[in-house]
Amino acid sequence: MSLWLTHPLFIPSLVVGVTILLWATSLLPEFITALLFFTVAMVAKIAPPDVIFGGFASSAFWLVFSGFVLGVAIRKTGLADRAARALSARLTDSWPLMVASVVLLSYALAFVMPSNMGRIALLMPIVAAMAKRAGIADGTRAWYGLALAVGFGTFQLSATILPANVPNLVMSGAAEGSYGIHLNYLPYLLLHTPVLGWLKGALLIVLICWLFPGKPHAPRDLTPPAPMSRAEKRLAWMLAVVLAMWVSESWHGIGPAWTGLAAAVITLLPRVGFINGEEFSSGVNIRTCIYVAGILGLAITVTQTGIGNAVGEALLHVMPLDPEKPFTSFLALTGITTALNFIMTANGVPALYTTLAQSFSDATGFPLLSVIMIQVLGYSTPLLPYQASPIVVAMALGKVPAKPGMTLCLALALATYLVLLPLDYVWFSLLGRL
């Protein structure tokens, strides 16, 4: 015990462990836990300041910030209500249809828009306006279900589309940097979409309808919408430019975060923009921004201090990886990803797991590329909301308490591991990947 207390990773592990425990149990508000992590980590000097506060330099943080700003503008100008009017006329006949439409819209948008945070920022005000028109009030279980449909549909299903979320890009970069393996769009889509896209989407719809029942009604307001105002037209054109910049990132090289930030700055400019200082103060959730920065900073700290590598090596030695038992090995590799998700969150898992993939390949006899691909099921299936910052942001925008988010996380994870994991193994086998 005394040897462990003097180990250089003891204090960093203690700080990280307590932070994760507080986020998992919600004993403190999430942003206070993040501030507590920053404070204790700096006082204990477990890592340099640029590592501990690295979340504020992350593109994900600025996507969250710009998403809040754009969301306020979309609601204020009436653009959200206009889009909701067009959708609610067709998609609110029944609760399953309404839930399914939100999930499918979240998934479909991932094919053209590479940012989880950007998609959530655009969709949430539209879905909120659609819910209001269908008679679903804020703070009800039905509204929680719709808000979670945006968050879960956006993050979990987009894992099947290579450029559509951050963990995929981290995995792609790590695979290329470590092994010279370049992941291709269509083979990746074929490998993951049937199980982790279509079937998981169906499971998500069923679970939301069961856990968060609702009774929408057709909108009573049948009057035709008023012509678009000048502000609506200007904002619509700006959003179209932003979307075009996001889609064409590979051509011009400007990241989605910086495109979003530029749009947010324009939105805030006096006389040119769409919202004033008071609307910014009331509409932009700084608490969630701090929380997201804390999650990202924790993941960076875990990687830089060596905690993640130590945990990964330990898991390599205790998990049942055996070439003679391929399904057990498949299950164990998914379990390793799930365990890493607790300490590194989804954005950080691929960076560590991928660097250990050659060892996993040697231990299981699986091809290296298949070992790399197996992690997708694990990091795209969080057990708790804090493990996936897009889900956290969707919950914050929808004012969803921690308990409903945790309930859906655990229910979907249980269904995924019991139903989808065996099917994923069969699909890998049918494609000759194992």
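Predicted model: local features only at pLDDT ≥ 70, side-chain atom pairs only at ≥ 80, totals over all residues.
Me: OK, and how many aromatic pairs does that come to?
Reply: With that rule, the count is ten aromatic pairs.

Me: Take phenylalanine 65 and phenylalanine 280: why is the pair edge-to-face?
Reply: Their ring centres are 6.0 Å apart and their planes stand at 65°, and planes over 60 degrees apart count as edge-to-face, so this pair is edge-to-face.

Me: Which parts does that pair tie together?
Reply: Phenylalanine 65 lies in helix H6 (residues 59–77) and phenylalanine 280 lies in helix H16 (residues 277–283), so the pair ties together parts that are 215 residues apart in sequence.

Me: And is phenylalanine 65 buried or exposed?
Reply: Phenylalanine 65 is buried, with a relative accessible area of 15%, whereas phenylalanine 280, at 22% relative accessibility, counts as partly exposed.

Me: Switching topic, where is threonine 301, and what is it in contact with?
Reply: Threonine 301 sits in helix H17 (residues 286–305) and counts as buried at 0% relative accessibility; leaving aside neighbours within four places in sequence, threonine 301 is in contact with Phe37, Ile46, Ala47, Val51 and Ile52.

Me: Which aromatic cluster is Phe37 in?
Reply: Phe37 forms one aromatic cluster together with Phe38, Phe53 and Phe56.

Me: Last one, how many residues of helix H22 are buried?
Reply: Eight of the nine residues in helix H22 (residues 389–397) are buried, among them Pro390, Ile391 and Met395, and just after H22 lysine 399 takes a positive phi of about 55°.

Notes. Residues numbered from 1 in each chain as written. Heavy atoms only, no water. Phe/Tyr/Trp six-rings, centres within 6.5 Å; stacked < 30°, edge-to-face > 60°. Helix = DSSP H or I, 4+ residues; strand = E, 2+ residues; numbered from the N terminus. Buried < 20%, exposed > 50% of the residue type's maximum accessible area, 1.4 Å probe, protein only. Contact = heavy atoms within 4.5 Å.
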